[in-house]
Amino acid sequence: MIKMVRSAKQLGSLIHNERVRRGMSQQALADLTGTGQKTISHIENGKEGTRLETIFRLLATLDLEMKLTARSKSSEKSIGDIF
C-alpha cells in the first residue's frame, strides 16, 4: 500500500482506515501505542499539535512506515498540490 499524504487530515484518515481494517478500537490502539484514546482521536481527525514521536510510535504499532520523496509536479496546480 502506497498512499500520498500531504496534510495532517490525510495522515489521520490513513491511520483511521488502517486501525479499522485491523478491527481495533481507538482505545486498543492507544493502549498499544502508550498514549490516550483522545490523542488517537485527535490524530485521526487531523488536529495539529501531535508530537512527531507519537506519530512514529503509532505508525510502528500499525506496522506502517513513512517514506519521503520529492513532490511530484503537474502542469495544473490544485489546492491539494500545495497542501
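Which element of the chain has the lowest mean pLDDT, and which the highest? I started there, since this is a predicted model. Helix 5, residues 79-82, has the lowest mean pLDDT, at 58. Helix 2 has the highest, at 98. Over the chain the average pLDDT is 89, and 88% of the residues score at least 70. Where pLDDT is low, the predicted coordinates should not be read in detail.

**Entry: overall make-up**

I counted the elements next. The chain has 5 helices and 0 strands, and from the N terminus on they run α-α-α-α-α. Of the 83 residues, 27% are buried. Among contacts with a separation of 6 or more, 51% are between residues 24 or more positions apart.

**Entry: the nonpolar core**

Which residues touch the most other members of the largest nonpolar core? I found I15, L29, L58 and L62, in a core of 13 residues. At least two residues of this core come from each of helix 1 (8-21), helix 2 (26-33), helix 3 (37-44) and helix 4 (52-61). In soluble globular proteins, nonpolar side chains tend to be buried together.

**Entry: helix 2 against helix 4**

I looked up the packing of helix 2 on helix 4. Their axes are 9 Å apart and the angle is about 110°. That makes helix 2 roughly perpendicular to helix 4, because angles of 65 to 115 degrees count as such. From helix 2 the contact uses L29, L32 and T33; from helix 4 it uses T54, R57, L58 and T61. By class I get 3 nonpolar, 3 polar and 1 charged residue.

Is T33 buried or exposed? T33, which is found in helix 2, has a relative accessibility of 6% and therefore counts as buried, the limit being under 20%. Beyond four places in sequence, T33 is in contact with T54, R57, L58 and T61.

**Entry: helix 3 against helix 4**

At what angle do helix 3 and helix 4 pack? The angle is about 95°, with the axes 12 Å apart. Helix 3 and helix 4 are therefore roughly perpendicular to each other. T39, I40 and I43 in helix 3 meet T54, I55 and L58 in helix 4. The contact of helix 3 with helix 4 has 4 nonpolar and 2 polar residues, and no charged ones.

I then checked T54 on its own. T54 lies in helix 4 and is buried, with a relative accessible area of 9%. Leaving aside neighbours within four places, T54 is in contact with T33, T35, T39 and I43. One of these, I43, is 11 residues from T54 along the chain, with 9.6 Å between the two C-alpha atoms.

**Entry: two residues of helix 1**

L11 lies in helix 1. With a relative accessible area of 18%, L11 is buried, because the cut-off is under 20%. Not counting residues up to four places away in sequence, L11 touches V5 and I55. L11 and I55 are 44 residues apart along the chain, and their C-alpha atoms are separated by 9.6 Å.

H16 is in helix 1 too. H16 has a relative accessible area of 30% and is partly exposed. How far apart in space are H16 and E44? I read 5.5 Å, C-alpha to C-alpha, for a separation of 28 residues in sequence.

**Entry: D63**

Last, I looked at a backbone angle. D63 has a positive phi of about 55° although D63 is not a glycine. D63 lies in the loop between helix 4 and helix 5. With a relative accessible area of 62%, D63 is exposed, because exposed means over 50%.

Notes
Residues numbered from 1 in each chain as written. Predicted model: local features only at pLDDT ≥ 70, side-chain atom pairs only at ≥ 80, totals over all residues. Heavy atoms only, no water. Core = buried A, V, L, I, M, F, W, Y, C linked by side-chain atoms within 4.5 Å. Buried < 20%, exposed > 50% of the residue type's maximum accessible area, 1.4 Å probe, protein only. Helix = DSSP H or I, 4+ residues; strand = E, 2+ residues; numbered from the N terminus. Contact = heavy atoms within 4.5 Å. pLDDT = per-residue confidence, 0-100. Axes fitted to C-alpha atoms, helices over the stretch in contact; angles between N-to-C directions. Parallel < 35°, antiparallel > 145°, perpendicular 65-115°, else oblique. Nonpolar A, V, L, I, M, F, W, Y, C, P; charged D, E, K, R; others polar.
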